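Could you walk me through this structure? I would like to begin with one of its pockets and then look around.

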Amino acid sequence: MRPMRAEQIGGVWGTLLLPLAADESIDWLRLDTQLTALISGGVQGVYAHGTAGEFHTIGEPEFDRVNELLAERCTRAGVPYQIGAGHPSAQTCLDRVRRARELAPGAIQVILPDWLPLSDAECTAFLRRVAAVAEPVPIVLYNPPHAKTQVSPELLGRLLDRIPALVGVKMAGGDGAWYARIRRHAPRCSVFVAGHRLATGLANGAHGSYSNIAAMTPAGAVEWYGLMGRDMPAALDLERRIGVLFSRHVAPLQARGLSNPALDKFLAAVGGWTDTGLRVRWPYASVPPDSVEAARRDARDLVPELFTAPPAQDAAPPGRCSGPPGG
Ligand SMILES: N[C@@H](CC=O)C(=O)O
């Protein structure tokens with residue numbers, strides 16, 4: 001596909017999750033089925049190898065095979081796709097970027113190297129080389145709260161000055177003051193925030209999400225995104241109810257120390273749209289199956305509209321990558 005410009009990157013993007021067999025190998029058939037379901041959920045784009053995709057555990061042949069499947073299926077369906085080429089080692093990351101580039105994704109997502117923290121100059125040096133290797137594919141910087149080096153809105157501004165190929169960021173989001181600081185860079189950088197807070201994010205100038213709500217219900221997440229364009233107060237009320245669901249069922253698992261990929265697979269099981277399973281790769285713990293049923297019941301009770309979205313093709317907004325329909 002064509003390289004994406006900042007203003008083209010928006011909406012609800014769905015992650016690939018790894019369906020794992022008992023020996024932790026990837027079940028390719030189930031992955032393929034999952035990808036088909038994700039695409040038909042109507043998401044604005046699909047990506048592989050975020051945290052939810054367990055990129056930190058994946059071997060290089062697996063990395064390539066997932067990407068080939070993603071590129072082939074998304075190209076065939078005309079759906080934008082991005083490839084996460086992040087790795088805690090800068091050198092391995094660069095190799096992944098080199099190979100991901102060959103598949104012409106809309107953008108390549110990277111994390112900053114993640115054992116020792118980086119100075120500002122080192123962040124620049126890293127992204128500059130990544131951008132040179134990725135060219136003409138642009139870069140999205142994935143900087144979650146647990147990253148070793150935290151990128152402030154001000155550092156982001158300096159990185160954008162120095163690296164024109166940097167077109168997007170994924171961050172958790174923040175309070176009003178954080179949004180005011182990040183908004184200064186919005187015209188030249190797509191800002192993606194946490195899926196379950198997307199209405200707040202959009203109301204404050206963010207553009208979309210690599211979404212955990214899409215992990216739970218791709219079509220429902222797209223429907224909610226549409227609502228943000230038509231009726232923001234209603235979308236914010238839905239976000240409040242998603243918050244109740246998360247405080248009842250996700251926060252306790254988080255408090256027990258379960259990792260984000262385990263929680264994303266839990267959400268997928270709650271949504272029930274894919275047979276991905278709960279298993280995550282060693283050494284991380286998986287959510288116990290008996291946590292799913294109560295969450296599933298509460299989800300249908302608290303946020304029923306997320307599970308009654310119309311069939312995917314009809315739910316997709318007209319401009320797949322533009323702002324929310326009507327917004
Ligand atoms: N945190 C997630 C979002 C999807 O569930 C990611 O790893 O990209």
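The lining of the second largest pocket is made up of nine nonpolar, five polar and one charged residue. Here Ala, Val, Leu, Ile, Met, Phe, Trp, Tyr, Cys and Pro count as nonpolar, Asp, Glu, Lys and Arg as charged, and the others, Gly among them, as polar. This is a predicted model, where local features need pLDDT of at least 70 and side-chain atom pairs pLDDT 80 or more, while totals for chains, interfaces and linings use all residues. Residues are numbered from 1 along each chain as its sequence is written, and side-chain values use heavy atoms, without hydrogens and water.

The second largest pocket has a volume of about 340 Å³, the space filled by probe spheres set on grid points joined across faces, edges and corners. Among its 15 lining residues, Phe55, His56, Pro88, Asp114 and His146 are the closest to its centre. A pocket is an open set of points on a 1 Å grid over the protein atoms alone where a 1.4 Å probe fits, with protein on both sides within 12 Å along at least five of seven lines; lining residues have an atom within 4 Å of a point.

Now for the largest pocket, with a volume of about 560 Å³. Of its 30 lining residues, Ala194, His196, Asn212, Asn260 and Asp264 lie closest to the centre. Helix 12 gives the largest share of this lining, four residues; helices (H or I, at least four residues) are DSSP runs numbered from the N terminus. By class, the lining of the largest pocket holds 16 nonpolar, twelve polar and two charged residues.

Technical notes:
Helix = DSSP H or I, 4+ residues; strand = E, 2+ residues; numbered from the N terminus.
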